Amino acid sequence: THTHTHTHTHTHTHTQQWAIFNDPIHGHMELHPLLVKIIDTPQFQRLRHIKQLGGIYLVYPGASHNRFEHSLGVAYLAGCLVKILHDNQPELNITKHDFLCVQIAGLCHDLDVLKEHGLDDKDVTFIKELIEGAKTSEWTYKGRDEDKSFLYEIVANKQNGIDVDKWDYFARDCHHLGIRNSFDHQRLLKFARVCEVKGRNHICFRDKEADNVYDMFRTRYTLHRQAYQHKMGYIIDTMFAEALIRADRDLHEGKPEDMLKISEAIKTADDYSKLTDEIFEQISSSTADNLKEARDILNKIVRRKLPKFVGEARLTENSMSKLTETWKAAVHKYEPADPTVSLSADDFSVYVVDLDHGMKDKNPIEKVYFYSKRKPNEASPIKDYQVPSFLPQRFNEELVRVYYKTTDGNKEELKKKVEEAEKCFQDWCKSKFGCH
């Protein structure tokens, strides 16, 4: 097996050179010519026009970064990790093809269309599997044999959620959101090793890096709490979705018969490449009558005429249908303190949001293996007594959120209605429907 070496001389015989991208997060990133070929396709360039955080950009003005730079970063980090494993453990027999496939998977993990580029069918299968990540305990993968199982934990780690995709977007999102990131992925990179645990090769970390791993899961939680599930960002995304649904039939009115609707654009690579965030501009600037509903929704977003947040509570048990019903009943039987106010159940929307540490109700740290300085080839989960005692008791929560939809009307009246709705919400929460 020929392995990749850091001296890139052998690749320069091709017409294409390694490309260097300067990135605010990782500095200068060198990428192989094959990756550059993939980057220079319309399917990939499309990612320049899709915000990484969607509607959150309308809440955090710095969050204007796009999927494009995130994907480059993931490919770069995937390469860094593979290189470190190869340099420290040549016995893993990581080949040049392994190296490229893992990087391509990193590059394309946010693309839904995978274009084949000079690798054989087995490699293409392998890349698709890498993007999926290895879930099962029995080996069902065609791309590589079981001894290469650790490669499946680099881009999408189903084992414990530690993968380079997260490393990139944690650092990148924190940078753009203005949220401090206490997690240091570069340290973790340096201390990554492959060890055999229970008969399978896993990527493991040095025991003294356990705190850094906690910081990673903590950062994930903070980002979800403050940004990804932000109560206004969330409702803006919902409104964007609503606008797209309303525009689906009519966006291309008067266009050729064979042109697909928005929801069908996924069917051809060509139509799909054109489907980006730009669609919102197209709707906003159109004058077509049948796009009026969609336009009005987008206009509300721009003018910040958004539903008012009434309240949020943590659920202890969950059934969405029952929630909406019990909320309607609560509004129905609520008697406003202010007799001039009347609340109608139809004026509210109820949502349930999931928050977790990446593994539903499990503590992801239990699935991370650590090795010690003395025994670098033996790894095991961290001992209970080494775990900080202030870890959360539960690792996931479901939040129920209620919004008041009506934004028109007199400001004073609106304020009163929302105040009464908040009281009604508190009563509802106390009424034993299983939330606190």
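This report describes a predicted model of one protein chain, from its overall make-up to a few single residues.

## The chain as a whole

The chain contains 436 residues, and 50% of them count as buried. Its secondary structure consists of 14 helices and 9 strands.

Contacts can be sorted by how far apart the two residues lie in sequence. Taking contacts between residues at least 6 apart, 72% join residues at least 24 apart.

## A hairpin of two strands

Strand β1 covers residues 19–23 and strand β2 covers residues 27–31; the two run antiparallel and are joined by 5 bridges. A hairpin of 3 residues leads from β1 to β2. Across the pair, D23 stands opposite G27 in β2.

## The largest pocket

Empty space in a model can be found by rolling a probe the size of a water molecule over the atoms. The largest pocket holds about 830 Å³ of space.

Sorted by class, the lining has 16 nonpolar, 10 charged and 7 polar residues.

## A buried residue in a loop

Is Q89 buried or exposed? Q89 sits in the loop between α3 (67–88) and α4 (96–108). Its relative accessible area is 2%, and buried means under 20%, so Q89 is buried.

Which residues does Q89 touch, apart from neighbours within four places in sequence? The contacts of Q89 are with R193, V194 and N377.

## Two residues with positive phi

K198 is not a glycine, yet its phi is positive, at about 50°. K198 is found in the loop between β3 (192–197) and β4 (200–206). With a relative accessible area of 76%, K198 is exposed, because the cut-off for that class is over 50%.

R304, also a residue other than glycine, has a positive phi near 60°. Its place is the loop between α12 and β5 (308–315). The relative accessible area of R304 is 41%, so R304 is partly exposed. That class takes in values between the buried cut-off of 20% and the exposed cut-off of 50%.

Conventions. Residues numbered from 1 in each chain as written. Predicted model: local features only at pLDDT ≥ 70, side-chain atom pairs only at ≥ 80, totals over all residues. Heavy atoms only, no water. Helix = DSSP H or I, 4+ residues; strand = E, 2+ residues; numbered from the N terminus. Buried < 20%, exposed > 50% of the residue type's maximum accessible area, 1.4 Å probe, protein only. Contact = heavy atoms within 4.5 Å. 1 Å grid on protein atoms, 1.4 Å probe; cavity = no way out; pocket = protein on both sides within 12 Å on 5 of 7 lines; lining within 4 Å. Points joined across faces, edges and corners; volume = space filled by probe spheres on them. Nonpolar A, V, L, I, M, F, W, Y, C, P; charged D, E, K, R; others polar. Pairing = 2+ DSSP bridges.
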